[in-house]
Amino acid sequence: MVVGLLISLAVRKNRRMSKVENELKLAESIANEIKAVITPLKYPDDEWSTTVAAFIDQAFEHHAAIILLTRSALFGSAFALLRSVVEIVFRGVWIAACATPAEITRFRDKDEINPTFGEMAKAIDAACGINYFDNLKQQSWDALNSYTHTGVLQLGRRFTGDKLEPSYKDGEKIEVIRTATTMLLLIVRPFLAKHGHQNEAVQIDQIGAKYVTACKQT
């Protein structure tokens, strides 16, 4: 009877791990599909293009790091890194869609962006005719800060009951993975569109739609 219980617990644990691992594999697949679209293209070396290209490259590295950290059960570090991915996307899309040449030069020369995070969100939504970035900022920024700056949300997950043992839930891990992957789609799409790569921008839309469908099925 004890052996049966232990086997049952092991099966449950493997199922939980496989669900997260499936999300990681899906995230890797989506990232590779995006890279396959954007890598063969040629881009100019003007100020805004090189800046946004660097943001995109960093976003892919952070995305890969979140996957690696999650697989290594370093969940707190994976959660902490998500804010950086979101911030990259806000900055990159703002530069692609909103920033003036003077603002881009100021950023490159002085490492300064004058608009606040909230102001960037509103400007992006207005420029793109959407209502997404401001909502994302309002709904997620406090939580992202808490995880990155080791606030209560992060510290509370360092315990399981009265034991100093991490207690990050699978649903929370999946949310981090999905948010990071969605960010890749969000930063690449306007970059392609502004460069006139409309067919490739449509491909990114299609990859995004496929990702949404796959997430709904898991």
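**View A. The side chain of serine 140 and the backbone oxygen of leucine 136.** Here the serine 140 side chain gets to within 2.5 Å of the backbone oxygen of leucine 136, in a predicted model. Serine 140 sits in helix H6 (residues 133-148); helices here are DSSP runs (H or I) of at least four residues, numbered from the N terminus. With 17% relative accessibility, serine 140 counts as buried (under 20% relative accessible area, 1.4 Å probe, protein chains only).

**View B. Helix H3 against helix H5.** H3 (residues 75-97) and H5 (residues 117-128) pack with axes 9 Å apart, at an angle of about 50 degrees. Axes are lines fitted to C-alpha atoms over the stretch in contact, and angles run from 0 to 180 degrees between N-to-C directions. That makes the pair oblique, the label left over once angles under 35 degrees (roughly parallel), over 145 (roughly antiparallel) and 65 to 115 (roughly perpendicular) are taken out. On the H3 side, look for contact residues including Phe90 and Trp94; on H5, Met120 and Ile124 are among them (contact means heavy atoms within 4.5 Å). By class, this contact has 12 nonpolar, no polar and 2 charged residues.

**View C. Helix H2 crossing helix H4.** The axes of H2 (residues 47-71) and H4 (residues 101-110) come within 10 Å, crossing at roughly 55 degrees, so this pair is oblique too. Glu47, Trp48, Thr50, Thr51 and Phe55 of H2 meet Ile104, Phe107 and Arg108 of H4.

**Notes.** Residue numbers start from 1 along each chain as its sequence is written, and side-chain values use heavy atoms, leaving out hydrogens and water. In this predicted model, local features need pLDDT of at least 70 and side-chain atom pairs pLDDT 80 or more, while totals for chains, interfaces and linings use all residues.

Note on methods
Helices (H or I, at least four residues) and strands (E, at least two) are DSSP runs, numbered from the N terminus. Buried means under 20% relative accessible area, exposed over 50%, partly exposed in between (1.4 Å probe, protein chains only). A polar contact is a pair of N or O atoms within 3.5 Å; within protein, one must be able to donate a hydrogen and the other to accept it, and residues adjacent in sequence count only if both atoms are side-chain atoms. Ala, Val, Leu, Ile, Met, Phe, Trp, Tyr, Cys and Pro count as nonpolar, Asp, Glu, Lys and Arg as charged, and the others, Gly among them, as polar.
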